[in-house]
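Please keep the sequence and the model in view while reading.

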Amino acid sequence: MCSISSVEAEHPTARLERLENVSTDGFLVTYQQALNAGDRFALRFRLPGDDRPLNADVSVVYTNQNPFSRQATAGLRIEQIGEVDRARIRNFIVASSSGGTVRTVHSWIAQQGLSGSYHVSEPERVDRYFRMLASGGLLLHLTPAHGHEIRTGVVTALDTDQRTMSLSLSTGPPIEPQE
């Protein structure tokens, strides 16, 4: 589950504790004191592992009071957010959810006694894939053999004779040759 606990709100009465069910359209927020459907306010928060703040204008869609505690929940809709911040949220969601999925796939492959690598060996398919790569501008999403995180990059150099390529990664640490 995607959860964020570093949250600040420019609201006169509510104290926000955490954001859950994070999406690029809104959040479920746990709060204390008072929020009302229709309230609009500025929200500032930080994604786990990232010190850069995100800013969004949100509105309260609904509230749900818990009669057994001082905490309540509310649905917040993002009314305005920068595209870079929206992309950061999207990447956070993918990173939060994909790690477990990738580990599950790797475990299943190991349990089946299969090789963890996908090999394309038919010459026609290899040639077709390299022609596609040579056309340029393709964004690749890779999971190294010994890793569980998705790394994204663009092909920067391609040797179709040797069938090798160089990548410029936009996410994650460099991929080591042994990976």
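Ala-9 faces Leu-43 across a strand pairing, the latter residue lying in β5. The model is predicted: local features need pLDDT of at least 70, side-chain atom pairs count only at pLDDT 80 or more, and totals for chains, interfaces and linings use all residues. Residues are numbered from 1 along each chain as its sequence is written, and side-chain values use heavy atoms, with hydrogens and water left out.

**Overall organisation**

The protein chain contains two helices and ten strands; helices (H or I, at least four residues) and strands (E, at least two) are DSSP runs, numbered from the N terminus. Read from the N terminus, the elements follow the order β-β-β-β-β-β-β-α-α-β-β-β. The chain has 179 residues, of which 31% count as buried; buried means under 20% relative accessible area, exposed over 50%, and partly exposed in between (1.4 Å probe, protein chains only). Among contacts between residues at least 6 apart in sequence, 46% join residues at least 24 apart, where contact means heavy atoms within 4.5 Å.

**The sheet**

Seven strands form an open sheet in the order β1-β3-β4-β7-β6-β5-β2, with antiparallel pairing. Its edge strands, β1 (3-4) and β2 (6-9), each pair on one side only. Two strands pair if DSSP finds at least two bridges between them. The table sets out two pairings that involve β5.

| Strand pair | Sense | Bridges |
|---|---|---|
| β2 and β5 | antiparallel | four bridges |
| β5 and β6 | antiparallel | seven bridges |

On the β6 side, Arg-44 stands opposite Asn-55. β5 and β6 also form a hairpin with six residues between them, and Gly-49 in the turn has a positive phi of about 80 degrees.

**The nonpolar core**

In soluble globular proteins, nonpolar side chains tend to be buried together. Here the largest nonpolar core has 25 residues, and those with the most contacts inside it are Leu-19, Phe-27, Leu-43, Phe-45 and Leu-76. Such a core is a set of buried Ala, Val, Leu, Ile, Met, Phe, Trp, Tyr and Cys residues joined through side-chain atoms within 4.5 Å. Two or more residues come from each of β3 (15-20), β4 (26-32), β5 (40-46), β6 (53-65), β7 (71-81) and α1 (83-111). β7 gives the most, with five residues.

**Phe-27 and its surroundings**

Both Phe-27 and Phe-45 are buried. Leaving aside neighbours within four places in sequence, Phe-27 is in contact with several residues, including Leu-19, Glu-20, Leu-43, Phe-45, Leu-76 and Ile-89. The count of aromatic pairs comes to one; rings of Phe, Tyr and Trp (its six-membered ring) pair if their centres lie within 6.5 Å, with planes under 30 degrees apart counted as stacked, over 60 as edge-to-face and the rest as tilted. Phe-27 and Phe-45 make up this edge-to-face pair, at 5.4 Å centre to centre and 75 degrees between the planes. The pair links distant parts of the chain, with Phe-27 in strand β4 and Phe-45 in strand β5, 18 residues apart.

Glu-20, one of the contacts of Phe-27, lies in strand β3. Glu-20 counts as buried because its relative accessibility is 12%. Its side chain makes a polar contact with the side chain of Arg-18 (3.0 Å). A polar contact is a pair of N or O atoms within 3.5 Å; within protein, one must be able to donate a hydrogen and the other to accept it, and residues adjacent in sequence count only if both atoms are side-chain atoms.
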